[in-house]
Amino acid sequence: MDTSDGMKIGTKCVHSGIKEYEFGPVVPPIYQTSTFKFKDADHGARLFRGEEFGYIYTRMGNPTIEAMEDAVAELEQGAKAIGCASGMAAVNLVFLALTSQGDHVICSNTVYGPTTSYLSQLLSRFRVETTFVDTSNLDEVESSFRSNTKVVFFETPGNPTLSVTDIQKISEMAHSRGAKVVVDNTFMSPILQQPLVLGADIVVHSMTKFLNGHADVVTGIVVLKTLEEYQQFRKISNLVGGVIDPFNAFLVHRGIKTLEIRMQKHCENALAIAKYLERHPKVERVWYPFLPSHPHNELSKKQTKGGGGIISFELKGGLESCKMVMNNVRVWQLAVSLGGVESLIQHPASMTHSSMSKELRLQAGITDGLVRLSVGIEDVDDLIWGLEQGLKFA
Ligand code: LCS
């Protein structure tokens with residue numbers, strides 16, 4: 001039995017999803033099995049007809065995976081969730097479930113590069129058309145709706161420029177036109193932002209990032225608001241595969257126990273580093289939602305509990321300066337991905353967002369002089385010292 005009902009989120013992080021298991025372990029066992037025995041032939045047939053609940057085959061469900069899925073669903077205040085093999089597998093599941101030939105999607109122009117490419121280069125082959133807009137601009141979103149618009153998809157804050165989108169207002173707008181709102185909540189985690197409570201229909205995560213938090217798995221999840229939607233999505237997930245495996249689910253569930261304290265430290269460190277960068281003579285501009293200079297600071301403070309662990313900044317010296325900083329920083333590691341306990345630095349234009357066309361990249365504000373930081377939980381003095389070693393060369 002889940003013991004976390006009615007508790008605060010830090011308690012939920014520790015207890016959510018955990019059931020009673022044989023021998024009484026306090027953490028869910030890793031059911032590393034592809035398949036489950038039926039009691040007899042009639043039992044197997046009843047499970048397949050859906051007349052009785054039971055595990056059948058791990059692509060369709062597994063107790064270790066379900067424990068983690070229930071934990072994330074509870075933290076996001078959804079009904080149920082589906083663990084996926086990666087964040088991109090979660091994005092794919094959403095669009096396979098929600099769109100058909102001839103449909104239209106509105107997507108923020110500030111999302112992870114491969115999400116843009118998935119929509120513009122892959123889903124378009126199945127005659128699902130996407131309009132990319134600045135979703136922080138409500139007028140732009142409003143004027144992009146068509147009679148066949150089925151989905152509005154965005155990250156908030158967006159990767160990598162940290163532009164913030166009003167979840168509540170966009171949800172009202174989309175619902176009045178019969179479209180669903182899907183929020184990629186990877187940058188915030190349910191500790192800082194709960195899109196379903198603000199009116200969104202579906203949440204996706206790359207759990208590779210903050211939810212797991214330790215840079216040792218690639219996984220994703222789709223959180224559904226209603227059981228009916230979950231059942232509809234589960235049927236599609238059973239067909240497309242691309243599900244998480246029990247060991248990775250175990251690791252993510254373990255990571256979630258410390259999610260609240262990790263997010264607090266990510267936010268605290270990131271705000272201090274954003275302020276340091278803002279004062280730095282070699283830095284042109286800093287993008288961090290909880291800085292008063294961020295254009296969406298007010299909305300960010302209303303909609304989220306913290307600025308998160310990601311900062312982007314523009315160097316006065318452009319691309320050459322970015323390379324000097326990346327090649328000379330200490331403590332920080334030059335690598336893509338984000339949301340782990342270790343601090344990382346990378347260059348969106350040539351790395352995470354390089355699959356986008358130059359036109360879409362510049363439209364999203366991803367210039368050659370932009371550097372992205374994923375601020376970890378190390379001591380902030382060491383992080384600032386490490387950055388300064390690189391910035392000296394900018
Ligand atoms: N959504 C967001 C917001 C992401 O940042 C990423 C990956 C994905 C979805 C896809 O998740 P994955 O399939 O990798 O689990 N973002 C990355 C990034 O910024 N650097 O490397 C990966």
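In which loop is the place of Pro160? Select Pro160 and you land in the loop between strand 4 and helix 7 (helices, H or I with at least four residues, and strands, E with at least two, are DSSP runs numbered from the N terminus). A word before you zoom in: this is a predicted model, where local features need pLDDT of at least 70 and side-chain atom pairs count only at pLDDT 80 or more, while totals for chains, interfaces and linings use all residues. Residues are numbered from 1 along each chain as its sequence is written, and side-chain values use heavy atoms, with hydrogens and water left out.

**Stop 1: the loop**

Show the backbone here. The peptide bond from Asn159 to Pro160 is cis, with omega near 5°. Step back to Thr156 and Pro157: the peptide bond joining them is cis too, with omega near -5°. Pro157 sits in the loop between strand 4 (149-155) and helix 7. Now pick Leu162, found in the loop between strand 4 and helix 7. Leu162 is not a glycine, yet its phi is positive, about 60°.

**Stop 2: the two domains**

Colour 9-256 as domain 1 and 259-391 as domain 2; these bounds come from an automatic or database domain assignment. Their centres, taken over C-alpha atoms, are 26 Å apart. Next, select what touches: 45 residues of domain 1 are in contact with 42 residues of domain 2 (contact means heavy atoms within 4.5 Å).

Between them the domains bury about 3,300 Å², 62% of it on carbon and sulfur atoms. Buried area here is the accessible area (1.4 Å probe) that two parts lose on being put together, summed over both.

**Stop 3**

Switch to cartoon and find an open sheet of five strands, in the order 8-9-12-11-10 with mixed pairing (two strands pair if DSSP finds at least two bridges between them). Strand 8 (283-287) and strand 10 (333-334) stand at the edges with a single partner strand each, so one side of each has no neighbour in the sheet.

Finish on strand 9 (residues 310-315) and strand 12 (residues 370-374), which pair in the antiparallel sense over five bridges. Click Phe313: its bridge partner in strand 12 is Val371.
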